[in-house]
Each structure stands twice: as C-alpha cells, then as structure tokens.
Amino acid sequence: MRDNESNPATAAKQVQEMISRDGVNAILGGTIPETSMSIIKVAQEQQVPFLSLASSDDILTPLQDRAYIYKLTPDATESRQRLRGCVL
C-alpha cells in the first residue's frame with residue numbers, strides 16, 4: 001500500500017517500483033482519474049493487471065490499448081444520468 005498524495009507522477013513512480021522491486025502481480029487503486037490514467041501507462045507497459053477505483057469514461061478507452069486495465073466503478077456519464085434522474 002502506498003499513498004500517492006493524488007499526484008499522477010508519484011502514482012506512476014510508485015507502481016513502477018511495486019512491479020519491478022516488489023514483484024506485485026496486480027494493482028488495485030487509482031481513486032481519482034488523474035492517478036488512474038498515469039497508472040494505466042505503467043500497467044500496460046509492464047503487462048500487469050490494474051483494477052481502477054476511479055470513475056472516468058477515459059479509463060477503458062481506447063479499448064484496444066487497455067488489455068490489462070479494469071474498472072470497478074460506473075462511468076461518469078452513467079453516474080451523472082442517474083443523479084440527474086434523482087434530482088429532477
């Protein structure tokens with residue numbers, strides 16, 4: 001477990017270290033889109049599965065470039081539509 005302080009550069013560096021030094025087999029985290037997007041690049045390059053906890057439409061697209069990326073939250077568009085239905 002690492003605290004990236006919501007800094008994308010720190011998140012990418014920490015994930016690289018966990019993969020190369022600690023030999024992790026998968027990554028779970030990235031609670032905001034900015035850190036998830038930086039983790040995606042490292043996870044893809046290193047072919048390590050990444051389960052993102054962030055809600056962003058861009059995490060899984062383009063799909064052909066996201067072979068090791070998974071998202072456990074709804075898309076931001078879906079969340080917005082459901083919230084709008086509750087308010088109106």
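Modeller: Buried means under 20% relative accessible area, exposed over 50% and partly exposed in between, with a 1.4 Å probe and protein chains only. Helices (H or I, at least four residues) and strands (E, at least two) are DSSP runs, numbered from the N terminus. This is a predicted model, in which local features need pLDDT of at least 70 and side-chain atom pairs count only at pLDDT 80 or more, while totals for chains, interfaces and linings use all residues. Residues are numbered from 1 along each chain as its sequence is written, and side-chain values use heavy atoms, with hydrogens and water left out.

Take helix 1. Helix 1 has 13 residues. From first C-alpha to last, helix 1 reaches 18 Å, close to the 18 Å expected at 1.5 Å a residue. That expected span is 1.5 Å times one less than the number of residues.

The buried residues of helix 1 are Ala11, Ala12, Gln14, Val15, Met18 and Ile19. Seen down the helix axis, they fall within an arc of 165°, so they line one face of helix 1. The arc is that of the directions from the helix axis to the C-beta atoms. An α-helix has 3.6 residues a turn, so residues three or four places apart point the same way. The face turned away from the buried side carries the exposed residues Ala9, Lys13 and Ser20.

Now the cover. Strand 1 and helix 2 are among what covers the buried residues of helix 1. Contact here means heavy atoms within 4.5 Å.

Next, the core. A nonpolar core is a set of buried Ala, Val, Leu, Ile, Met, Phe, Trp, Tyr and Cys residues joined through side-chain atoms within 4.5 Å. The largest one has 15 residues, and Val15 is one of those with the most contacts inside it. Helix 1 and helix 2 are the elements that give two or more residues to this core. Helix 1 gives the most, with five residues.

Last, the start of the helix. There, a side-chain oxygen of Asn7 reaches to within 2.8 Å of the backbone nitrogen of Ala9. Asn4 lies in the segment before helix 1. At 16% relative accessibility, Asn4 counts as buried. A polar atom of the Asn4 side chain lies 2.8 Å from the backbone nitrogen of Ser6. Leaving aside neighbours within four places in sequence, Asn4 is in contact with Thr10, Ala11, Gln14 and Thr35.

Methods. A polar contact is a pair of N or O atoms within 3.5 Å; within protein, one must be able to donate a hydrogen and the other to accept it, and residues adjacent in sequence count only if both atoms are side-chain atoms.
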